[in-house]
Amino acid sequence: MLKQYNMYIDNTWVNAGKAIASINPSTGEILAEFPAADARDTETAIKAARLAFDSGDWPKMPLIERAPYLQKIAQLIREKADELAKLESLDTGKTIKQTTFIDIPTAASAFEYFAAAATEIKGETIPIHNPALSFTLKEPVGVIGQIIPWNYPFLMAAWKIAPAIILGNTVVFKPSQLASLSCLELAKIIQEAGLPNGVVNIITGTGKEVGATLTESKLVDMISFTGGNTAGKEIMKMASGSTKKLSLELGGKSPNIVFADCDIEAAVGGAMSAIFMNQGQMCTAGSRLILEDKIYDKFIELLVAKTKKLKIGNAISYDTDFGPLISREHRQTVLDYIEIGKKEAKLISGGIIPLAHLGGGKRLEKGFYLEPTIFIDVDNNARIAQEEIFGPVLSIIKFSGQDQAIKIANDTKFGLAAMVWTKDLNRANQVAAQLRCGTVWINTYGGFYNEAPFGGYKESGFGRELGKEGLLEYTQTKHVNIDLNPTGRSLVTSWFA
Ligand code: NAD
């Protein structure tokens, strides 16, 4: 019997009547089914969150009483870590190594971190020139609609839900229709932790139905969206109807700048992680390798040799370095880009559906596999250097001199992240200062910390996630002014006297 999931609205489990099949990308088989909610279901969830915010206890509770709920969620995640990691791997094709050692434990610590860090969020007293006491309060925004993509479902759910609820907001959360199962498991944990009705609602379905209803609803105060630029722009338009607050975490085409004076072995390893971790399906993927001419040939030789050794296979196996892409359709999109790339540059590795490592040379047809792919001699104006492919396709661009590296790196509509590899930290700092993006990793890749802010410049979006800045997104500032005039009356009271 196929496992059936329900969605979580107002502390009850709801079946939408219509279902979406969740496919295991490693095998192409159906893993489970979950509800395809419609606009009516979404409105029910929004009303539950609205009631919990407007009339419930949650926003009025002191922080110290909300924090234990988040700590309990973290504890339950840790207790179920192995099964959650396995499910995430089956549902998304992320390697089990990644879900076990990164996604699930980081999600647990995100709940703990935000429970503690919220104590840092406070207003201030403001010295003013009148006899008055002026101060600010940091208040919750209200009902938050949260929409995420499929590449980090469980972790992203923690990154969005934890900071929103700790500050007293209530949430309607929508995972991607391509990967919803771990988020529905999180809903079970949230229920077990005993959160009051309606504080967190997790509703599954498509962007056009659930996402659009959430974005257009006048009962929702803010949308926190992570996803692609096309949907991000649609959300901006839809949200304008009710002028709601927005936070947009969108795509990227991040430059990975490698100078000749780097630790080459480390930089090769870092470049591989930057484009081949999670099969390149990362918003921060270092998909443009901007490589100094002096080490161009040597670096590429090392990179290709190491890439060819990556073990491609079922994501659930601990031997696997490189799993499948999320879906057959997405793999086709990436293959189409590879065809474009062949006309624009030189393909030197991958670019095809791989042969099975075991199984008599038959191609891995059942899962959605694709070989890690490398193009060299790419012009930065090429489509494979400018457009987000969101797959394991690396475009290598040659540069000569620091100024040219910076120019190429910034020559993109995106501004999410960048990497710089050099042993000269002065140079690294100079370059970091000139890069127009939200995160710069120096001699490393992918350092995400619950404590440090993350977000985009330019078309990679606005607003920040994580850290104190991530918490502040879920607040609004109220100014309170108390008259302290020695006469007992402020000037305004006799203005028309
Ligand atoms: P997507 O934009 O297609 O979908 C993201 C989410 O939005 C899904 O839940 C989807 O159902 C919903 N959605 C789609 N259209 C919508 C609409 N019109 N109204 C409301 N909701 C809508 O993206 P995807 O394919 O799931 O994910 C890949 C994209 O996500 C890439 O561009 C990647 O760079 C980006 N991403 C960004 C970050 C970041 O933090 N900046 C992190 C991960 C992924």
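Domain bounds here come from an automatic or database domain assignment. For this protein chain, that assignment gives domain 1 (3-250 + 460-480) and domain 2 (255-442). Their C-alpha centres lie 31 Å apart.

A quick word on the source. This is a predicted model, where local features need pLDDT of at least 70, side-chain atom pairs count only at pLDDT 80 or more, and totals for chains, interfaces and linings use all residues. Residues are numbered from 1 along each chain as its sequence is written, and side-chain values use heavy atoms, with hydrogens and water left out.

Now, the interface. How many residues of domain 1 are in contact with domain 2? Contact means heavy atoms within 4.5 Å. By that rule, 28 residues of domain 1 touch 28 residues of domain 2.

Next, area. The size of an interface is often given as the accessible area lost when the parts come together. Here, buried area is the accessible area (1.4 Å probe) that the two parts lose on being put together, summed over both. For domain 1 and domain 2 it is about 2,200 Å². Carbon and sulfur atoms give 59% of that. On the domain 1 side, Ser26, Trp150 and Ser460 supply 24% of the area buried against domain 2, more than any other three residues.

What about charges? A salt bridge is a side-chain nitrogen of Lys or Arg within 4 Å of a carboxyl oxygen of Asp or Glu. The rule finds one across this interface. Separately, let me name a pair: Asp321 forms a salt bridge with Lys97, with the closest N and O atoms 3.3 Å apart.

Which helices supply residues to the domain 1 side? Helices (H or I, at least four residues) and strands (E, at least two) are DSSP runs, numbered from the N terminus. Both α3 (81-92) and α4 (96-117) supply at least two residues each. The largest share, six residues, comes from α4.

Look in the loop between β4 (19-23) and β5 (30-35). Is Asn24 buried or exposed? Buried means under 20% relative accessible area, exposed over 50%, partly exposed in between (1.4 Å probe, protein chains only). Asn24 is buried, at 6%. Leaving out residues up to four places away in sequence, Asn24 touches Glu29, Leu31, Leu90 and Phe368.

Last, the cysteines. A disulfide is a pair of cysteine sulfur atoms within 2.5 Å. The whole structure has zero. For Cys183, the nearest cysteine sulfur, that of Cys283, is 16 Å away. Cys183 is buried, with a relative accessible area of 0%.
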